[in-house]
Amino acid sequence: MRLLVRFSIFSLILVLCACVQHTNSTENDISNQADLEKVAVQYAEGFDILYEEGVIKIVTQSFGKNAFFKDSIYVRLDSTVKLDPVCKTIEQETIRFACQSSTHLAFLAELNHLEEVVGLCGLEYVNNPEISEVLKKNLVVELCMTDQVQLENLYQSNPDLFLIYPFGSAESNNYNDKGIQTLLISEYLEKSQLARLEWIKLFGVLTGRTMEANDYFEEVETAYLALKTAATKTEKTFIMNLPFQDQWFMPSSKSVGVELIEDAGLQYFYQDELGTENKTHSSEQVWNDGVEADYWVIIARRSADYSLEDLINEEPVYKEFLSVKKHQVIFCNTNQVDYFSKGAIEPHVILKDLCYATGQIDSHEPQYFFLLE
Amino acid sequence: MKVRSDIPLIGLLILGIIILFWMNLLFGDVRMNTEDVFNLLTGGTAENSAWSYIVESRLYRSLVAVLAGGALGISGLILQVFFRNPLAGPGVLGITSGASLGVAVVILGGLTMGSVLGNVGIILAGIIGAVVVLFLLLFISKYIRNSVTLLVSGLMFGYFTAALINVLFLWANETDTREYVVWGLGSFEGLSSTELAIFSSLIIVLSFFCFLLVKPLNALVAGTAYAASLGINVKSTRLLIILITGILAAIVTVYCGPVGFIGIAVPQLIRVLVKSKNHAVILPAVFIAGSFLALGADFIVRMSSNTLPLNTVTAIVGAPIIVWVIIKMNRINVSF
């Protein structure tokens, strides 16, 4: 009996490892083309691209202390390549996407692949008018009426691939069982802005636009690193965000958002709080610290004409903050700009905004962050 | 004689409130010494200019806790006497849920407590929601003699309003939904000086009216027929009780969220601890005990850097008290 169990497990492993059934008829110029358009992952830890004969294997996975998950999908370049039916497979360039996050839209939009989006969670929260118009025109289906994915709506959108978050990743098995292929996308877990942006290469492979993705990444990387190198490191400190009731959700010092602001030459006030997750601070703690912090970086949803005076009206103690006294409140109004989506693929623009707001560069037209007046 | 024997308990509770109040002013995430706090309270300054705001915030918060706890306590006590049911209270009877529905309509409709319109709208909507539920309960009580059935009806009102709120969630935007959810966790924090002035004025005036109900309450303990025989106008007393308790519970719910357990636990605890049966003693004792419990719960919340929701703490403290009192009451056969 034990032998039978061992044999079964061994057989199963063999089947899983040998998803690709090679044929002898793949001697064409596909491999040459793939060489030209190959993706090399430099920064990102959450995904990998593996090239095999006639197929590209995309692997997404957890890393560090994150909850464990691993996912993979084969992108078939050659229709003659036979893959095991248990493997997730898609045909490149003909994929219709459903997305659980609007951040995925930014990657797809940059690669001119927005037309292929058929379903999305949170349609009404897309505040980029151009993207929103395309989605409406294409009758993209709202997948989440509440915070749950509505299965019927997902079926209605009929995607080839559903890009989902890894939290609650057990759900992905359910979708796969119901005939909807999924891929776990975890770009938000990356440790740096460039690593996060590098996920565009994965989207490049999915959409058959590897070259465009590589070019875009290199362009942004060069601009970002140039700005980072030019920025002068200062002793000036910053705090972040606004409270909700009596709690401030302040990012930890190793979070991507903090790192981006530090690249502009500032120092995070809560440097000792290691980790990447948000940490809760009481209002009185931040009030106490705000008196000393030189800058205050706020990402919030407010009216278009939101001013420094409006900020003080929210809580009178803010007028005691050093940043408010010195007019050094750097604000990003998510009601006005597509920070959470497009911002993920434009870290160089955000960094330039921050460098301008902190006086590192003289002339620039801010797009995401500006000094609150 | 019995009144005298209760004085030490009331004195002890008042002393407890004073100690907790001072601890609430002194302790928190930002460490300040007694001298600094005293300086700031008397109009002086401190080394950090934000500290005066921190002390002010702690002071407001403590005042809100004292008044809200007291108001919920006496509201629960009056309802227990009125419905002749020791398990009655603003939460159990669905009054809090009614107020929550009113608040939900306003908040999820897009108005916030920051605006004048939002403030007035939320208060009115909360009061209307609470009073409507009370009138409905009163109407049902004409047909239901069994007090347990009446309580179940109150619980059903609670479920019904919760369902309506869930429906409202579908149309609300993310910000409004989040604001409502956080409000629902309960907190004594965040009232501005204007809001505190409105809140405290309403609670003090309504509590004063409650003390005018001492005589009718003493009579109602023996039943409406006995009260009527003593010359009490039962009909107008009933209306007064519904309005006062409904508005009291609604005001607290609007400003602090649906704070649970204080309204039901404190009156029961005091009934066991206090020897007097006179509501001239029980009513103030309940107010003071409610204030003490609310202040204590808020102190625990603050010691957790506000990570523990107020309702979690009141449930942890309040639920065992209710169970203990129910067991004790069964043993000594306390009745209303």
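Let's start with A:Cys99. This cysteine counts as buried, because its relative accessibility is 0%. Keep in mind that this is a predicted model. Does A:Cys99 have a partner, or is its sulfur too far for a bond? The closest cysteine sulfur belongs to A:Cys121, and at 9.3 Å that is too far for a bond. A:Cys332 also counts as buried, again because its relative accessibility is 0%.

Now, A:Cys121 does have a bond. Which cysteine does A:Cys121 form a disulfide with? With A:Cys144; the two sulfur atoms sit 1.8 Å apart. Over all chains, the structure holds one disulfide.

Next, the interface. On chain B, 25 residues are in contact with 20 residues of chain A. About 1900 Å² is buried between the two chains, and carbon and sulfur atoms give 54% of that area.

What holds charge to charge here? The rule finds two salt bridges across the interface of chain B and chain A. One salt bridge joins the side chains of B:Arg302 and A:Glu284, at 3.5 Å from N to O.

Which elements of chain B give two or more residues to the side that touches chain A? Helix H3 (51-82) and helix H7 (174-184). By type, that side of chain B has eight nonpolar, nine polar and eight charged residues.

Methods
Residues numbered from 1 in each chain as written. Chains lettered and ligands numbered in written order. Predicted model: local features only at pLDDT ≥ 70, side-chain atom pairs only at ≥ 80, totals over all residues. Heavy atoms only, no water. Contact = heavy atoms within 4.5 Å. Buried area = accessible area lost by both parts, 1.4 Å probe. Salt bridge = Lys/Arg side-chain N within 4 Å of Asp/Glu carboxyl O. Helix = DSSP H or I, 4+ residues; strand = E, 2+ residues; numbered from the N terminus. Nonpolar A, V, L, I, M, F, W, Y, C, P; charged D, E, K, R; others polar. Disulfide = S-S within 2.5 Å. Buried < 20%, exposed > 50% of the residue type's maximum accessible area, 1.4 Å probe, protein only.
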